[in-house]
Amino acid sequence: MKSTENLLATVRQVPADVEIVSHRLMLRAGMIRQLASGIYSWLPTGLRVLRKVENIVREEMNRAGAQEVLMPSVQPAEIWRESGRWDFFGPELLRFQDRHKRDFCLGPTHEEVITTLINNEVRSYRQLPANFYQIQWKFRDEVRPRFGVMRCREFLMKDAYSFDVNRAGMEQAYQVMYDAYCKVFERLGLDFVAVAADSGAIGGSVSTEFHVLADSGEDGIGINTDANFASNVEMIDLPPSGPPKPAEESLALVETPTVRTIEDLCKFLSVPSSQTLKTLLVQGENGPVALLLRGDHELNTLKAVKVSGIESPLQMAGADEVEKATGAQSGSVGPIGLEIPMYADYATREMSDFVCGANQREHHYTGVNWGRDLPEPPFVDLRKAVNGDPCPNDPTKSITVKRGIEVGHVFQLGTKYSESFDATCLDANGENAVMWMGCYGIGVSRIVAAAIEQNNDDSGIIWPEPIAPFLVCIVPINFQQSADVARISVDVHDALTQAGVEVMLDDRDDRPGVKFADMDLLGIPHRLVVSDRGIANGQIEYKRRGKEAVEHLSLDGLTEELLQRINH
């Protein structure tokens, strides 16, 4: 393909609010353009990559025995009410009415639809096991879309659903999909890890997330390869801490003007965040509940909702509720004298002489100790795991926390949805049996961004070859002025194309530096430079994206030489 025949929409500048590398590079490379918040158009270059990811996913789903279907994006409210998720799913579910005032939603997922569909089609265990998948655009009304296509509202997803007559069949289907996912991400050329995860709004008993490791990832992944352990930090159970050291300081009330955060407090008092205690108020069944954590730790919402008396899903108390319960505003709240239910994270038990809010505006206590200054509350596991925490598989070893981008998730749903819809079939004994289900999702459009986050440099994208928009780019020097350069460039382009290689011939009337910059930005793996000097020597310049070395290859046998490099 010639660049003059392709919408090569590269740009140098992007909006100032772009936060991560993939979003910036996808805009600069002319892959996407924003239509509305969290909603993007895919331009030809971006769509080529998206389709390659989609095709690899489709091939592995077919190889695993799944059957492709296509279900409606618009779903009636009745089936969501039947499953109990119409209200539970929350504001991310985009609801609307048709002209007859009937309630519908724009599908964020398809458990209800597929269960309804298969319940009407499958009658006997002889039709099982079965697995059905689709690759389709979904919509989730994110409260704060950000990071480009990484966390947007409309996204392309592969979702699959397995049906079996018993638990053993479901577990076998789950393993087949787990293995297929590993194959998908290996073929995509991504550095990934599979981790134990929470099932969230989808439901079920067992689930595994697949994460692409990247510094920009939103999820923390606790890993210890020696102990064969990997888990989302939210799923790691942490052991109780030992008793605190003896008190050495006296309790003191300190004025802390303009202090609003733990960071402000640490700077003002010159103390480490691990020596501070933060008090968070959340909604309880009978009013606010206080949760106490070390200042350098983060609340784990999955653990918090398991505490007796706390509402699920977790909601923080509002500013008015905080002031009514504590007499102070956020930033000055503390546990001393607080007359509401209170729970403290395990790690706070060993703290002594710590700093906390005084429930007075712009005041804190220093030298606080359990027992002497306030009674010990119930200690529970409330926080996310961090670097150095003990590994659950081997407490003598510690975990390392890396950042991950979730690109896939597999679930053992059990009978959650089949029971809601009375989805049954006749078993081998001729009796009605509730079908056992699995659910398997891959974020196809998110994979594109995740691949960029993992593969880039200062010049642009460095695509893994399986998903590069083109494998080879030909950059002619003086294409319009030199008949020899034009002829050789077209001949090389045609020979590679006939050999099945996707080629971009940059025939624009631009300076070589502009072309080189654009091809690096686009991340095309193999670059050929055609010039009069090279032709005179019977050579063509070759450079692999991401490598500094430039080579000179003979024009004779060029196609065979490139095919060897591409295949290796």
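Predicted model: local features only at pLDDT ≥ 70, side-chain atom pairs only at ≥ 80, totals over all residues.
Student: How many salt bridges does the structure hold?
Tutor: The structure holds 37 salt bridges. A salt bridge is a side-chain nitrogen of Lys or Arg within 4 Å of a carboxyl oxygen of Asp or Glu.

Student: Which residue forms a salt bridge with R85?
Tutor: E111 does, and the closest N and O atoms are 3.0 Å apart. R85 lies in helix α4 (residues 85–88) and E111 in helix α5 (residues 111–119), so the pair ties together parts that are 26 residues apart in sequence. Helices (H or I, at least four residues) and strands (E, at least two) are DSSP runs, numbered from the N terminus.

Student: Is R85 buried or exposed?
Tutor: R85 counts as buried, at 1% relative accessibility. E111 counts as buried too, at 0%. Buried means under 20% relative accessible area, exposed over 50%, and partly exposed in between, with a 1.4 Å probe and protein chains only.

Student: What about R146, which residue is its salt bridge with?
Tutor: R146 pairs with E218, with the closest N and O atoms 2.8 Å apart. R146 lies in the loop between β7 (130–139) and β8 (154–164), and E218 in the loop between β10 (206–213) and β11 (219–224), so the pair ties together parts that are 72 residues apart in sequence. R146 is partly exposed at 22%, and E218 is partly exposed at 30%.

Student: Which residues are linked in a network of salt bridges?
Tutor: R12, D506, R508 and D518 are.

Student: New topic. What is the volume of the second largest pocket?
Tutor: About 340 Å³. On a 1 Å grid over the protein atoms alone, a pocket is an open set of points where a 1.4 Å probe fits, with protein on both sides within 12 Å along at least five of seven lines; lining residues have an atom within 4 Å of a point. Grid points are joined across faces, edges and corners, and a volume is the space filled by probe spheres set on the points.

Student: How many residues line the second largest pocket, and which lie nearest its centre?
Tutor: It is lined by 17 residues, and K278, T279, L280, S330 and G331 lie nearest its centre. The largest share of the lining, five residues, comes from β14.

Student: What classes are in the lining of that second largest pocket?
Tutor: Nine nonpolar, six polar and two charged residues. Ala, Val, Leu, Ile, Met, Phe, Trp, Tyr, Cys and Pro count as nonpolar, Asp, Glu, Lys and Arg as charged, and the others, Gly among them, as polar.

Student: Last one: where is T400, and what does T400 touch?
Tutor: T400 is in strand β22 (residues 400–414). Not counting residues up to four places away in sequence, T400 touches I221, G222, I223 and N387, where contact means heavy atoms within 4.5 Å. T400 counts as partly exposed, at 40% relative accessibility.

Definitions and conventions:
Residues numbered from 1 in each chain as written. Heavy atoms only, no water.
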